Amino acid sequence: MGGNVGYQLDFSVVWDALPSLLWACLGTIGLAVSGMLLAIVIGVGGVMLRDSRFKPARWAVMAFVELIRNTPFLVQIFFIFFALPLIGLRLDPTPTAILALGINGGAYAIEIIRGGVQSIGKGQIEAGLALGLHKAQVFRLIVLKPALRAIFPSLTSQFVLLTLTTSVASAISAYELTSVAQQIESNTFRSFEVYGTITVFYLVMSWLLMRVFDQISRRYFSYPVK
Amino acid sequence: MAAANASPAPASAQPMIAMRGVEKWYGDYKALTDINLTVASGEKIVLCGPSGSGKSTLIRCINHLEPYSAGEIRVDGTLLGDDRKTIDAVRREVGMVFQQFNLFPHLTVMQNCTLAPMRSRGLGKAQAEAVARRLLDRVKILDQADKFPAQLSGGQQQRVAIARALCMKPKVMLFDEPTSALDPEMVKEVLDTMISLAEDGMTMICVTHEMGFARQVADRVIFMAGGAIVEEGHPAEFFKAPKHERTRKFLGEILGH
């Protein structure tokens with residue numbers, strides 16, 4: 001294009017910055033994995049509360065899911081980072097990012113996991129109860145694994161999305177790939193090379209994550225079904 | 001009812017199951033009407049009747065898979081109320097076998113059998129597995145212990161389900177149409193297992209249309225219709241001379257007379 005005539009690609013800046021970019025990838029992976037773990041805890045806990053007998057708990061979970069799924073992630077992370085300190089809760093950027101990712105991913109995980117739980121036949125639950133197991137044991141020991149198996153592909157794509165969403169945490173300067181790339185870019189003005197490179201890095205990380213999930217699926221959900 | 005008086009005297013003073021005036025409502029629909037049923041320890045009952053007659057609902061009340069609306073149910077003397085503790089305690093003593101087997105698909109046959117004894121009875125793994133091996137052997141399926149349910153035939157799955165229930169060492173076994181979902185060639189292996197269980201003195205209540213099994217095993221056959229017990233009696237009399245028209249009609253249909 002006319003305006004860019006004469007732009008010469010120069011990957012030497014990327015090469016020089018490679019160590020810090022690779023370290024930043026670890027930061028991204030750290031955020032993503034911590035966020036996923038928190039999301040799973042929120043997801044499983046939320047499903048148990050969502051279907052409990054205690055009505056206020058059910059309403060609270062429903063309200064939480066609606067609130068998180070219908071507001072932008074950027075606003076959520078800003079709220080935690082800038083608004084909560086005003087009521088005395090001050091977190092550093094990285095814990096803020098993990099919390100926001102976990103809460104956001106958790107809200108989606110609740111809906112996904114709940115779908116899996118509902119796919120489990122009533123007979124399974126009755127068989128567990130008839131054996132003298134109580135409700136929480138039935139959920140944990142009988143319902144959960146087949147439910148997770150049923151929704152594992154959906155959960156995987158949600159978690160890939162969560163991994164890519166870590167880049168939003170650059171808005172509060174959490175330590176991750178996009179924010180490190182922004183610094184390098186603002187020092188070198190090599191936008192094409194820097195953002196081109198991290199695009200490839202994100203692609204590789206997503207692909208690796210899917211491989212990891214595939215292995216988990218093979219290991220834990222490989223029992224035969226009809 | 002005259003037939004009820006003809007049933008054998010209870011082996012012990014305290015009945016294993018005592019239902020008095022039990023009713024069950026689903027909203028406006030009355031599923032069970034004034035059920036009075038006493039089952040002695042070691043007694044074998046066969047419950048039959050047309051579909052929707054309330055026989056499954058009746059046995060599901062005994063382990064509180066269905067809460068009952070009125071009346072009283074005692075299991076081995078324990079009044080079955082609404083509190084979790086009593087319900088769990090009763091369920092530990094009452095085994096149930098379902099029409100659809102309901103084995104846990106993510107657990108091996110062995111794990112299906114040891115789960116509840118370990119988690120509900122507090123048995124150690126080695127102990128639970130020893131019990132499971134003995135009972136799997138008894139239902140002649142020990143060689144499949146490491147397989148998953150989906151790798152077994154229907155008849156094999158139902159035998160595992162029987163072993164799984166027995167692993168809790170229940171005092172009573174409830175069977176809810178255990179052979180209805182099976183291919184015809186697999187019915188016999190399940191019935192044989194139930195017959196051998198009966199011969200060992202287990203207290204059993206079986207919802208089934210297998211009248212041959214009823215003739216061979218039952219101490220009493222109970223006929224239900226419209227949510228009520230219509231007639232009961234020793235199988236010899238029950239099949240030869242049913243007293244009620246509805247019973248005759250049902251037996252005519254089921255036995256193809």
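Author: Buried means under 20% relative accessible area, exposed means over 50%, and partly exposed lies in between, with a 1.4 Å probe and protein chains only. This is a predicted model, where local features need pLDDT of at least 70, side-chain atom pairs count only at pLDDT 80 or more, and totals for chains, interfaces and linings use all residues. Residues are numbered from 1 along each chain as its sequence is written, chains are lettered from A and ligands numbered from 1 in the order written, and side-chain values use heavy atoms, leaving out hydrogens and water.

Reader: OK. Thr114(B): buried or exposed?

Author: Thr114(B) is buried, at a relative accessible area of 6%.

Reader: Where is the place of Thr114(B)?

Author: Thr114(B) sits in helix 4 of chain B, residues 109-119. Helices here are DSSP runs of H or I with at least four residues, strands are runs of E with at least two, and both are numbered from the N terminus.

Reader: What is Thr114(B) in contact with, leaving aside neighbours within four places in sequence?

Author: Ala128(B), Glu129(B) and Ala132(B) are in contact with Thr114(B), once neighbours within four places in sequence are set aside. Contact means heavy atoms within 4.5 Å.

Reader: How many residues of helix 4 of chain B are buried?

Author: Eight of the 11, so helix 4 of chain B is largely enclosed by the rest of the structure. The buried ones are Val109(B), Met110(B), Asn112(B), Cys113(B), Thr114(B), Leu115(B), Ala116(B) and Pro117(B).

Reader: What covers the buried residues of helix 4 of chain B?

Author: The cover includes helix 5 (125-138) and helix 6 (154-166) of chain B. Helix 6 (135-165) of chain A is also part of that cover.

Reader: At what angle do the axes of helix 4 and helix 6 of chain B cross?

Author: Roughly 25°, and the axes come within 8 Å. Axes are lines fitted to C-alpha atoms, for helices over the stretch in contact, and angles run from 0 to 180 degrees between N-to-C directions. Helix 4 and helix 6 of chain B are therefore roughly parallel. The cut-offs are under 35 degrees for roughly parallel, over 145 for roughly antiparallel, 65 to 115 for roughly perpendicular, and oblique for the rest.

Reader: Which residues meet there, from helix 4 and helix 6 of chain B?

Author: Val109(B), Asn112(B) and Cys113(B) of helix 4 meet Val160(B), Ala163(B) and Arg164(B) of helix 6 in chain B. That contact divides into four nonpolar, one polar and one charged. Ala, Val, Leu, Ile, Met, Phe, Trp, Tyr, Cys and Pro count as nonpolar, Asp, Glu, Lys and Arg as charged, and the others, Gly among them, as polar.

Reader: Switching to chain A. How many helices and strands in its secondary structure?

Author: Eight helices and zero strands. Along its principal axes, the C-alpha trace of chain A spans about 75 × 50 × 30 Å. Of its 226 residues, 46% count as buried. Among contacts in chain A between residues at least 6 apart in sequence, 77% join residues at least 24 apart.

Reader: Helix 7 and helix 8 of chain A: right-handed or left-handed crossing?

Author: Right-handed, as helix 7 of chain A passes helix 8 of chain A. Right-handed means the near helix is turned clockwise from the far one by less than a right angle, left-handed anticlockwise. The axes of helix 7 (residues 177-188) and helix 8 (residues 191-220) of chain A come within 9 Å and cross at roughly 165°. The two helices of chain A are therefore roughly antiparallel. Their contact has nine nonpolar, four polar and one charged residues.

Reader: And Gly106(A), buried or exposed?

Author: Gly106(A) is buried, with a relative accessible area of 0%. Gly106(A) lies in helix 4 of chain A, residues 93-118. Beyond its neighbours within four places in sequence, Gly106(A) is in contact with Ala39(A), Ile42(A), Gly43(A) and Leu101(A).

Reader: What does UniProt list for residues 25-213 of chain A?

Author: UniProt gives "domain: ABC transmembrane type-1" there, from an unreviewed entry. UniProt positions follow the numbering used here, feature names are shortened, and annotations may be inferred rather than shown by experiment. In the model, residues 25-213 of chain A are 81% helix and 0% strand.

Reader: Where does UniProt place "domain: ABC transporter"?

Author: At residues 17-251 of chain B, again from an unreviewed entry. That span of chain B is 39% helix and 26% strand, and its end C-alpha atoms lie 27 Å apart.
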